[in-house]
Amino acid sequence: MSRNTLTRRSPGRRAAFTAGLVLAVGLGVSTQTAAQATVPAPVKASAGSPSVSGFNGDVVTQIADFYGAYIDAKDDATGPDTALVKALRTHYLTPAFAKKLQAWEKKNKVDGVLRAQNIPVQWTVSEVGDSLEVVVTLTFGGGESPTTTTRFIVEQEPTGQITDIRTTSIASARASAADRSVSGSTGDSVTRVADFFGAYVDAKDAPVGPDTALVKALRTHYLTPAFAKKLQAWEKKNKVDGVLRAQNAPVDWTVSEGANSREIAVTHSFGGGESPTVRTDLVVKLEPVFGDVTDIRTTSAR
C-alpha cells in the first residue's frame, strides 16, 4: 500500500459515531494552572462510550492522536512517562516549534502542550474552517473540584507536524454544527486504546519512514512487559507488525467496546482506491487496574 499523504479528509479518522461530541463552552486559555491536580485512577470501563473511527492522515484526528497519547503519558500512575512525552513531541512538533515551546515553558512554569501543570479529565479536538488548524478544548476538575475549561488553536504544516499552539477567545474558536469533533475522557478504556492505535499508526506511517523511537515508546507505555515479550516472539515468527497484524498501515479503523469491560474491539481496513480492501477484526484485552494491553488477537480477516 502506498503511504497516505497528510491532507484533510472527511469524514476523518476517529470521528465519533454518536452525537454530543461538540465543542465545550468555557473561558479562553490563560497561563494559570487548573485548580487541583489530577490523581491517577484505574482505567474505567467504557459503558456508554461511543465507537470511534476514521481515516489515516486526517488533520483533526492526528491532533487527537497526539493529545490523547500525550495525556496518557502525563497521567501514568507511576508518574509521567518522560520517554513517551519526548517521543511524542519529537514526532508531532516541528523542531523550531519544539524549541519555542521549551522557552515558553521555562518562562511560564507549566506544560506547554496542555497549558497547565495537571491533567484534563476530558478533551475535544474540533475543526474550525482552516484545513490546517483545529481547536483543542481541555476540561480540568470535576467531582468536588471546580471545573476549568481552556481552549487554544493548534496549527499544522502541510506535512503534518505542529507549528503553533496559541490561545484563542471563545468567539474565534466556536465550531459550527457541521464541524467534526473528536472527544476523549482520561482513563476511559475505549479512549485509551484509540489513543494507542491512533498514535501507533501515525508513527508507522510517518512521511519519512516509521518513527521507531515513538513505536518503541508507545509499546513500552501501553503493553504489559509480559505481553510485549510475547508479541516480539509472535512478530519474529509471522514477519508482520504484531499490533496492527499487518506489514503496512491501515487506511481507516474503528475502536469500540468489546464483549466485556476489559476487551476492546479494533477493526482495520487496508487498501482503498485501486487497491483491494482487506479488513481485519482484532480484540484488545486490558488488565483491570491500569488498562495496559495484555493481549491482541485476530478474530477475523477478509
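Just after helix α7, Lys-239 takes a positive phi of about 60°. Lys-239 sits in the loop between α7 and β8 (252-257), and it is exposed, with a relative accessible area of 59%. Here, exposed means over 50% relative accessible area, buried means under 20%, and partly exposed is in between (1.4 Å probe, protein chains only).

Before we go on: this is a predicted model, where local features need pLDDT of at least 70 and side-chain atom pairs count only at pLDDT 80 or more, while totals for chains, interfaces and linings use all residues. Residues are numbered from 1 along each chain as its sequence is written, and side-chain values use heavy atoms, leaving out hydrogens and water.

Now back up into α7 itself, residues 225-238. Helices (H or I, at least four residues) and strands (E, at least two) are DSSP runs, numbered from the N terminus. Phe-227, Leu-231 and Glu-235 are buried in α7. They cover an arc of only 80° around the axis, which puts them on the same side of α7; that arc is taken from the directions from the helix axis to the C-beta atoms. An α-helix has 3.6 residues a turn, so residues three or four places apart point the same way. Over on the other side of α7, the exposed residues include Pro-225, Lys-229 and Lys-236.

What lies over the buried side? The cover for the buried residues of α7 includes α6 (212-222) and β11 (293-301). Follow α6 and you'll find buried residues there too, among them Leu-214, Arg-219 and Tyr-222. The buried residues of α6 pack against α1 (59-74), α2 (82-92), α5, α7 and β11.

Arg-192 is buried, at 10% relative accessible area, and its side chain makes a polar contact of 3.0 Å with the side chain of Asp-292. A polar contact is a pair of N or O atoms within 3.5 Å; within protein, one must be able to donate a hydrogen and the other to accept it, and residues adjacent in sequence count only if both atoms are side-chain atoms.

Finally, look at Arg-115, in the loop between α3 (95-108) and β3 (122-127). Arg-115 also has a positive phi of about 60° although it is not a glycine. Is Arg-115 buried or exposed? At 5% relative accessibility, Arg-115 counts as buried.

Note on methods:
Expected span 1.5 Å × (residues − 1). Contact = heavy atoms within 4.5 Å.
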